[in-house]
Amino acid sequence: MRDLFDRIIENKGPLGKWASQAEGYFVFPKLEGNISNRMKFNGKDVITWSINDYLGLANHPEVLKVDAQAAAQHGAAYPMGARMMSGHTDLHDQLQNELAEFVDKQAAYLLNFGYQGMVSCIDALVTKDDIIVYDVDSHACIIDGVRLHMGKRFTYQHNDMESLEKNLERATKMAEQTGGGILVISEGVFGMRGEQGRLKEIVALKGKYNFRLLVDDAHGFGTLGKTGAGTGEEQGVQDQIDVYFATFAKSMAGIGAFLAGDKEVIDYLKYNLRSQMFAKSLPMIYVKGALKRLHMMKTMPELKEKLWENVNALQNGLKERGFNIGTTQSCVTPVYLNGSIPEAMALVKDLRENYGIFCSIVVYPVIPKGLILLRMIPTATHDLEDIQLTLDAFSAIRDRLENGTYKRLSAAVEAAMGDK
Ligand SMILES: Cc1ncc(COP(=O)(O)O)c(C=O)c1O
């Protein structure tokens, strides 16, 4: 018999195996300084393109003031305990009511962390007789929620309505046998490639199939729709989303998340979300902080306008220079290049060290082999100078990628990895 740890010591997993080459630089980098368009990395000034502080609220003076006041008044702990037992307050209720109103739903329920909240939401919504049909590119929290499901689940090809329909047909036949219902799950915005979930087309299928729709709108909330209420508002189908989810970790620049929907559904979830019933409530710092951020989102449309000015300038600039930014329909700005993992590492190092540009790099196995994805997140804190410098840097690194500079530079890395 093996010792349990033999395997994990031999095999660190698909990402962990890169640790010795990547840690501290490509993964687990330490960005320092106030959260903004310009930060420090390895002691150097960099333009940051990898932080989801879409509206620039993280370091806004008014936000910092409220966060500090809340911390001074309550410390980090209050309230203690789970919501159900001792961790509930008037302000938790107030935030829920304001969030529900903002996303145009009857009710909302706060979550201490989005990830766990989503896992529990899926777990609570279905029984073994129900069937889940979800987009194959769904975020890990959706996949983990689906993993808890004891009944049948089907994936549909990413944003492919024909595939969704095929799976809805299968699910419907099955549900007729089990006596259960169907839950469809999509993201509002797919965070890696920036495409919006095709919510309008998904809800149109409600005329033909009987299902309920859960949408994870982590990247849409605050960035899309006339008021910033998200992808449902953007596509004019918010009322057709049965359970709406968003996190505070992006536009709201905080911690926490919420679910919103019809009162009856939210009342049910309130008593059945295991990750909330058996875990600590969202601390007051984040509740007061979220109330402040929400008020700013509602009353300062200029934040979202500035964000989109930057998104459009960056995306149009990249397209004009012939970069492939895929099919994004949101602020998430992917730039696809062709190259190996060692070339990607050399290229990102060049960008950071010589051009002062910090963006996230995504490679196989997250995307197909031979592709490099530089994922950029414009925010309201960026300016046109940041964008111009970045566009020029991108043109330069593309030339070097194409003329083989990074291949030569990365030869040593490749040899070390035995991947020639
Ligand atoms: C699509 C999506 N869903 C859920 C989450 C998890 O939210 P949280 O960070 O609040 O746990 C994230 C990451 O923040 C996300 O990108």
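This note goes through selected helices, strands, loops and the ligand shell of the structure.

1. Basis. This is a predicted model: local features need pLDDT of at least 70, side-chain atom pairs count only at pLDDT 80 or more, and totals for chains, interfaces and linings use all residues. Residues are numbered from 1 along each chain as its sequence is written. Helices (H or I, at least four residues) and strands (E, at least two) are DSSP runs, numbered from the N terminus.

2. Helix α4, length. α4 covers residues 61-74, which makes 14 residues. From first C-alpha to last it reaches 20 Å, close to the expected 20 Å at 1.5 Å a residue. The expected span is 1.5 Å times one less than the number of residues. G75 follows α4 and has a positive phi, near 70 degrees.

3. Which residues of α4 are buried? They are V63, D67 and A70. These cover an arc of only 65 degrees around the axis, which puts them on the same side of α4. The arc is that of the directions from the helix axis to the C-beta atoms. An α-helix has 3.6 residues a turn, so residues three or four places apart point the same way. On the other side of α4, P61, K65, A68, A72 and Q73 are exposed. Here a residue is buried if 20 or more other C-beta atoms lie within 10 Å of its own, exposed if 12 or fewer, and partly exposed in between, with C-beta atoms placed from the backbone. The cover over the buried residues of α4 includes α13 (284-299).

4. P79 lies in the loop between α4 and α5 (90-102). The peptide bond from Y78 to P79 is cis, with omega near -5 degrees. Most residues other than glycine have a negative phi, and most peptide bonds are trans.

5. The open sheet. Four strands run in the order β1-β2-β3-β12, with mixed pairing. β1 (31-32) and β12 (357-358) stand at the edges with a single partner strand each, so one side of each is left without a neighbour in the sheet. Two strands pair if DSSP finds at least two bridges between them.

6. β1 and β2 (residues 38-41) run antiparallel and are joined by two bridges. E32 has K40 as its bridge partner. L31 stands opposite F41. Five residues separate the two strands of this hairpin, and G33 in the turn has a positive phi of about 95 degrees.

7. Hairpin β2-β3. β2 pairs with β3 (residues 44-48) over four bridges, in the antiparallel sense. F41 stands opposite K44 in β3. Two residues lie between the strands of this hairpin. One of the residues in the loop between β2 and β3 is N42. Its phi is near 55 degrees, a positive value in a residue other than glycine. N42 counts as partly exposed, with 14 C-beta neighbours inside 10 Å.

8. N159. This residue also deserves a look. N159 is not a glycine, yet its phi is positive, about 55 degrees. It sits in the loop between β6 (153-156) and α8 (161-178). Is N159 buried or exposed? With 21 C-beta neighbours inside 10 Å, N159 counts as buried.

9. Ligand shell. There are 13 residues around the ligand, and G114, Y115, A218, T247 and A249 come nearest. A residue is near a molecule if its C-beta atom, placed from the backbone, lies within 6 Å of it. Helix α6 (residues 114-125) gives the largest share of the shell, three residues. By class, the shell has seven nonpolar, four polar and two charged residues. Ala, Val, Leu, Ile, Met, Phe, Trp, Tyr, Cys and Pro count as nonpolar, Asp, Glu, Lys and Arg as charged, and the others, Gly among them, as polar.

10. R321. The loop between α14 (301-320) and β11 (333-338) holds R321. R321 is exposed, with 12 other C-beta atoms within 10 Å. R321 and F394 are 73 residues apart in sequence, and 9.3 Å apart in space, C-alpha to C-alpha. Leaving aside neighbours within four places in sequence, R321 is in contact with L391 and S395. Contact requires C-beta atoms, placed from the backbone, to lie within 7 Å.

11. Helix α15. α15 (residues 341-355) has 15 residues and reaches 20 Å from first C-alpha to last, close to the 21 Å expected at 1.5 Å a residue. Buried in α15 are I341, P342, E343, A344, M345, A346, L347, V348 and L351. Just after α15, G356 takes a positive phi of about 65 degrees.

How values were computed
Two residues are in contact if their C-beta atoms, placed from the backbone, lie within 7 Å.
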